[in-house]
Amino acid sequence: MSRRYKLWCALALLGASHALVLFAGFFAPYSYSTQNRDMPYAPPMRIHFIDAQGSLHARPFVYALKEDSALSGTYVTDHSREYPVHLFVHGSSYKVLGLFDSRIHLFGVEQPARLFLLGTDEYGRDQFTRFLYGGQVSLAAGLIAAAISLLLGGIIGTLAGFYGGWIDEVLMRAGELFFALPWLYLLFAVRAALPLHIAQWQVFLLLLAVCGIIGWTRPARLIRGVVLSAKERNFVIAARTFGASDFYLMRRHVLPQTYGIILTQAALLVPQFILAEVTLTFLGLGVGAPMASWGGLIASLQHYYVLASYWWMFAPALLLIPIFAAYYVIADELQEHLKSVPL
Amino acid sequence: MNGQASSISRENPPLIDIRGLNKKYIQRRPLTREKFLVRAIVDANLTIRQGTTVGLLGESGAGKSTLVRCMALIEKPTEGQIWFEDTKVFDSKTSSISGLRTQVQVIFQDAASALNPRLTAAEIVMEPLEIQRIGAKSERRERAMELLERVGLSRTWERRKPLEFSGGQRQRLALARALALKPKLLIFDEALSHLDLASRETMLELLVSLKNKCDLTYFHVSHDLEMLRGITDEIAVMCEGTIVESKPTAELFAHPEHSYTRDLLQAMPQLETIYSKRFAHELS
Amino acid sequence: MRYLARRLVHAILLLIAISMLSFMLLQWTPGDFFDTMRLDPRISAQTVEGLRSQFGVNQSFGARYLSWTRSLMRGNMGYSLSYDTPVAPLLWSRAKNTLLLAGISALLAWMIAIPIGIWSAASKGGYGDKIFGTGISTLLAIPDLVLFLVLLLIAVRTGWFPTGGMISSNFDGMSAWQKINDGIWHFVLPSAGLAIVMLPVLVRHIRSAMIEALESPFIRAARAHGIPRMRILLRYALLAASNPLISLLGFSIATILSGSAILEVIMSWPGLGPVMVQAILSRDVNVVAGIVMLSSVFLVAGNLFADVLLVASDPRIRAE
């Protein structure tokens, strides 16, 4: 696969997954909190084109699942009736982008059948739906925390590199302090300092802030390096002889040189912070029910019986892999590209 | 030209007067971080008169670049003072410096590094005007075009990036930019040393024609004695941070005082023989 | 030598700063262990207050910090209110397990990464490099958490390995040989997990450090002198590349500690990780502070060790 091709694939994958997650309400057949107590741990439904009699249907359909009267906890397919899959159905209400209400879902089936593409969890909640909604939390966490880190790191790195002297010393020492701590333990420590029962969104915001605050050291150091070499360039000195202010120099000449590094760091930080959020929630220290998060979705895997019998609960974990891979491919490409730029 | 110049130079008012300049700074060794003192400039005195071309001779490490930076008002000396047209430059009030900065411009040795590779030629020449907020955008562009033409570059090249020019053209671009704010003094920090002879000739001719038109004073920092001999009215010699000698060019070559100068000149006859041998070969 | 002295002073200052940070962080905990007790109507307010003053929870900030550091020096990390036992011995026994796991996994990872990195660098752009490169990139894309879960899944589904713990429940009744076997059997999956997680970063760094060394002028000169390839690779290039790699060793300790915490929770390995999680859930301030301090000490010690290695291996530093 050529490099260009790989890059476009990665970008397309990320674009698609973010779009899916952003419009989770539309793409998901159900709401993330809808429980089906009568169908806990239902396996994923298969979409069929050919029915039990062997005839082909134009429109795909599903069979209903019924609990097996003989073996409780397992399910049996009811072949008596086909439930076609419809597009653009009316379902539960949700908010598009948090702005306006809508009831249209991309696909769905008629009651009493259910379309569980990824099965259900212990409360009978559709995992596919929760995966899409969970993405909102986890992906947003990654993006926002990375943005905070980069902003902080950018400002600190630029100031340290540009002004040097004691500012540089102080900032870099502070950075070393943060660098010296294992990030997970620091995260734990801050989490410990927070009351256990504060509102979910507050936990979320605070976690983001902490991730951002821990993560500034590496970008800061790299940006500082770029700024240090940039400010010694003759064209910066020349601009100084024209009477340029520090701010002008930073804006016009120095900062544009950092864009490459910022992008590369972004591509590396986002997956790290997504993982941080997922890990914390997985351990029960992050965002909790009923808000979905990918960490929460795989949390039940800690239980032996889930791991042994309900394989579909693993799906969210595996779906993380392509997303991470895409980010790393982009980071690699950016790094290669940076090496070849004349500056 | 030299004889005429020396009589002029005695009469012209001093443009820049450097008295007792000292620049020391502390550096650290790379790994042990041990501090040691670097004395870049030691009690330097120099006078440059208006309308003249003065040369600064010295080997690498003698402190030439540091002197240039102080003269261009990019760095402050540890001790000493510079007078620019009767104004004390390094006063306790720093505001005076920014006004004076535009009067002195530097052309660097490596033009490629002095020009931001991401900007176009027009943007580069316009930059000083932009920083000083002179005129409206269209006026700035027009002035930039004028300057390009004045240094012998075509208007049509305004959108080119620096790397698309040749070495000599890049120096001319840097020159155009330097002229934008109508400076009084142009400092050439080894600016001509990396040019091939043809480009150097073109550049020197350009400089001569510009000098009278724009009422400029030139300061050439170089280690190329041959070249300085041909273009300067006065030459100063710098050795280990201090100006050891400063005389009109002809006098310097005829009666060098300092041992360093004499050593330099002694090396020269060998160059003359090399050159004359080469020309003799070509002519025959 | 001066370099080492400087690094030592630096390390001590760092530790002091971290101790202050961790202490501050925890003192800002709104509410403490006794909050739940206070809510219980059966326990009188006076009893709670009495308990609080007994444990010194209501003294001033400065006093508490000083007494904390003093006892820290003596090796006393306070008392765990939730485990009802002194913190230090609790953490120490757990820390030994974590160190065992992390140490051996790191050793494994480096032992695998070095040959792969060297070979990839030596055959840069060739078949070996491409295959390993793809493999490493794939591994990199798998998040630690997912990998550990996959390993757990393997254990559960195949039964080849135990699904957790460090020793079986009938450990004490085993013979010495059986004990060793049992220990190794429990050790395989967790250490494999940690090692795999560390591999990609290590291989990449080793590869790039080796490539840089191989492309430097003095190596080319060595080749021109006809020195055999293997010798160049191992005796010259590797040594030249060792400087950045030793620094990498120092940095990677932080990642190892973080990664091992997650692994320990998932695979029920009795290390510091599960204790930390429990402590947060039960708001056991002393334990959390203790673990942060302990892990920082490991980190700083590890970095100092890396500095010693650096001085030993790089003559340029010794010369200063």
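Chain A has 13 helices and four strands, where helices (H or I, at least four residues) and strands (E, at least two) are DSSP runs, numbered from the N terminus. This is a predicted model, in which local features need pLDDT of at least 70, side-chain atom pairs count only at pLDDT 80 or more, and totals for chains, interfaces and linings use all residues. Residues are numbered from 1 along each chain as its sequence is written, and side-chain values use heavy atoms, with hydrogens and water left out.

Now for the two chains. Along the principal axes, the C-alpha atoms of chain A fill a box of roughly 85 × 45 × 40 Å. Chain C comes to 13 helices and two strands. The table uses two terms: buried means under 20% relative accessible area, with exposed over 50% and partly exposed in between (1.4 Å probe, protein chains only), and accessible areas come from the Shrake-Rupley method with a 1.4 Å probe.

| Chain | Buried residues | Accessible surface | Carbon and sulfur share |
|---|---|---|---|
| Chain A | 54% of 343 residues | about 15,500 Å² | 65% |
| Chain C | 45% of 320 residues | about 16,000 Å² | 68% |

On to contacts, meaning heavy atoms within 4.5 Å. If you take the contacts in chain A between residues at least 6 apart in sequence, 68% join residues at least 24 apart. For chain C, 73% of the contacts with a separation of 6 or more come from residues 24 or more positions apart.

Then there's the interface. Here 45 residues of chain C are in contact with 43 residues of chain A. About 3,900 Å² is buried between chain C and chain A, and carbon and sulfur atoms give 79% of that; buried area is the accessible area (1.4 Å probe) that two parts lose on being put together, summed over both.

The count of salt bridges between chain C and chain A is one, by the rule of a side-chain nitrogen of Lys or Arg within 4 Å of a carboxyl oxygen of Asp or Glu. C:R204 forms a salt bridge with A:D332, and their closest N and O atoms are 3.0 Å apart. Helices α1 (2-27), α6 (127-141), α7 (144-158), α10 (229-266), α11 (272-281) and α12 (285-313) of chain C each supply at least two residues of the side that touches chain A. Of these, α7(C) gives the most, with nine residues. That side of chain C divides into 34 nonpolar, seven polar and four charged residues, with Ala, Val, Leu, Ile, Met, Phe, Trp, Tyr, Cys and Pro counted as nonpolar, Asp, Glu, Lys and Arg as charged, and the others, Gly among them, as polar.

Definitions and conventions: Chains lettered and ligands numbered in written order.
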